[in-house]
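The entries below follow the order in which I checked things.

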Amino acid sequence: MRVLAVGAHPDDIELMCAGTLAKCKKRGDEIFMSYLCNGNKGGFDVPPEELAKTRKKEAENSAKIIGAEIAGGFFPDLELFVDDDSRRKVIDLIRMARPDFVITHSPDDYMTDHTNTSRLVIDASFIATLPNYETGYPAHKLIPPVFFMENAGGVNFIPTEYVDIKDFIGTKEKMLLCHQSQYKWLLEHDKIDYVDFMKSISRFRGIQCAALYAEGFCQYRVWGRISPARLLP
Ligand SMILES: [Zn+2]
């Protein structure tokens, strides 16, 4: 299978669904990771342009760990809007990755880049299948099912599907630790140690489904998006 995960910022995928991506890779899937914003405002002591460069490198290093392809950083943080320009970008991303399913943020996550990413992925993954909607790539053949990953901190998120990631929690941690620029920033700005944050949520979701560590997802349930087969690993 081909799997596309789209986060708003360079480290969102690592925090919420990297265990599942590592597990997908193990079963032979092709993995595409993307982040729509370049992460240029996730810091306080590095100029935005320099920070965006650092974060691109960090994201590439993380993707390398599971042999995933990565593309992203199309818009500065907080300059991602649900408009024609960004929608076309996401359509091309989907046409390039040709996913069997997509993972992205939930529409009610905590900040605007996340909620806009969610909306854009939902809209673009439908439009990407229309040949008469022309962009730089040919139309995708499938309206892909979409899974929403965990909200930040697990707030207001009741998973309907779980993925046991016991064997992949170490990989998930390694991927997250590639985002070194964020360790200090999240401690200062959000008062969290991101490894503890990620592990606590993975453990909590594990408790809910009798696993040591797990990731929770909600499927976007509308006509045309539901497959009778289980797609998550
Ligand atoms: Zn984010």
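The model is a predicted one, and I began with its open sheet of 7 strands, which I read in the order β3-β2-β1-β4-β5-β7-β6, with mixed pairing. At the edges I found β3 and β6 (161–164), each with a single partner strand, so one side of each is left without a neighbour in the sheet. From one strand to the next I noted a twist that averages 25°.

Entry 2, pairing around β4. I looked up β1 and β4 and found that they pair in the parallel sense over 4 bridges, with Phe101 in β4 as the bridge partner of Val3. On to β5, I counted 3 bridges from β4, and these two strands also run parallel. Here Ile103 stands opposite Phe147 in β5. The chain gets from β4 to β5 through α5, and I recorded this β-α-β crossover as right-handed.

Entry 3, the antiparallel pair. Strand β5 (residues 146–149) is joined by 3 bridges to β7 (residues 214–219), and I noted that these two run antiparallel. Within this pair, Met149 stands opposite Phe217 in β7.

I then looked at helix α5 (residues 112–127), which lies across β1 (2–7), β2, β4 (101–104) and β5 and runs at about 165° to β4.

I checked the length of α3 (residues 48–65) first: at 1.5 Å a residue, its 18 residues should span 26 Å, and its end C-alpha atoms are 26 Å apart, which agrees. This helix lies across β2 and β3 and runs at about 160° to β3. An α-helix has 3.6 residues a turn, so residues three or four places apart point the same way. With that in mind I listed the buried residues of α3, which are Leu51, Ala52, Thr54, Arg55, Glu58, Ala59, Ser62 and Ala63. What covers them includes α1 (12–16), β2 (30–37), β3 (69–75), α6 (169–177) and α7 (180–190). Just after α3, I noted that Gly67 takes a positive phi of about 65°.

Leaving aside its neighbours within four places in sequence, I found Trp185 in contact with Gly42, Gly43 and Phe44. Lys172 is 13 residues from Trp185 in sequence, and their C-alpha atoms are 20 Å apart in space.

Entry 7, the whole chain. I counted 8 helices and 7 strands, and found that buried residues make up 48% of the 233 residues. A compact globule with 233 residues would have a radius of gyration near 17 Å, and the chain has 16 Å, which agrees. Along the principal axes, the C-alpha atoms fill a box of roughly 50 × 45 × 30 Å. Lastly, I took the contacts between residues at least 6 apart in sequence, and 76% of these join residues at least 24 apart.

How values were computed:
Residues numbered from 1 in each chain as written. Predicted model: local features only at pLDDT ≥ 70, side-chain atom pairs only at ≥ 80, totals over all residues. Expected span 1.5 Å × (residues − 1). Buried ≥ 20, exposed ≤ 12 C-beta atoms within 10 Å, placed from the backbone. Contact = placed C-beta atoms within 7 Å. Pairing = 2+ DSSP bridges. Axes fitted to C-alpha atoms, helices over the stretch in contact; angles between N-to-C directions. Right-handed = clockwise from strand over helix to strand, strands pointing away. Rg over C-alpha atoms; globule rule 2.2 N^0.38 Å.
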